[in-house]
Amino acid sequence: MATIEECRAALDKLSDNMRHAEGGVRDATHLDRSVSCHIKDLDVTFVGRMAEGRIEVHDTVQGPPRERAQIRLALTGDDLLALVDGELHFARAWGSGRVRLEAGLRDLFHLRKLL
């Protein structure tokens, strides 16, 4: 089982990948939205903001997110690591229910380029 530190490092890696993206993927990274990432097996949530092509984590809280972020992700720590490392395909994980992504329709449209 992934640790909180490994999950935080995976989010940092995802943020770095976003910053170096090109083309349509780069456009998708320039949303300015609140984000939360709930790690279900650890029952912690990383809370922050996606802005200027990066994800900045501002806080880590116990349990599910206390406030509703504009972009919400929920998955296990191992699945987060596998997604970021390219070992787990997002669409398949989302379709099977392993990963939950919630956002407004317009944001989902932009995020599909990223995911």
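Q: How many of the residues of β4 are buried?
A: This is a predicted model, in which local features need pLDDT of at least 70 and side-chain atom pairs count only at pLDDT 80 or more, while totals for chains, interfaces and linings use all residues. Residues are numbered from 1 along each chain as its sequence is written, and side-chain values use heavy atoms, with hydrogens and water left out. Strand β4 covers residues 71-75, where strands are DSSP runs of E with at least two residues and helices are runs of H or I with at least four, numbered from the N terminus. The strand is mostly covered, and the number of its residues that are buried (under 20% relative accessible area, with a 1.4 Å probe and protein chains only) is five of five.

Q: Which residues point one way from β4, and which the other way?
A: The side chains of β4 are buried whichever way they point. Ile71, Leu73 and Leu75 point one way, and those that point the other way are Arg72 and Ala74.

Q: Which strand is joined to β4 by five bridges, and which by four?
A: Two strands pair if DSSP finds at least two bridges between them. The parallel partner of β4, joined by five bridges, is β1, whereas the antiparallel partner, joined by four bridges, is β5.

Q: Which residues stand opposite alanine 74 and arginine 72?
A: Alanine 74 of β4 has histidine 38 opposite it, and its bridge partner in β5 is arginine 100. Arginine 72 also has an opposite residue in β5, namely glutamate 102.

Q: Why is tryptophan 94 classed as partly exposed?
A: Tryptophan 94 belongs to helix α4, which spans residues 90-96. A residue is partly exposed when its relative accessible area lies between the buried limit and the exposed one, which is over 50%. Tryptophan 94 is therefore partly exposed, because its relative accessible area is 47%.

Q: Which residues is tryptophan 94 in contact with, leaving aside its neighbours within four places in sequence?
A: Leucine 75 is 19 residues from tryptophan 94 in sequence, and their C-alpha atoms are 9.5 Å apart in space. Contact means heavy atoms within 4.5 Å. With its neighbours within four places left aside, the residues in contact with tryptophan 94 are Val99, Arg100 and Leu101.
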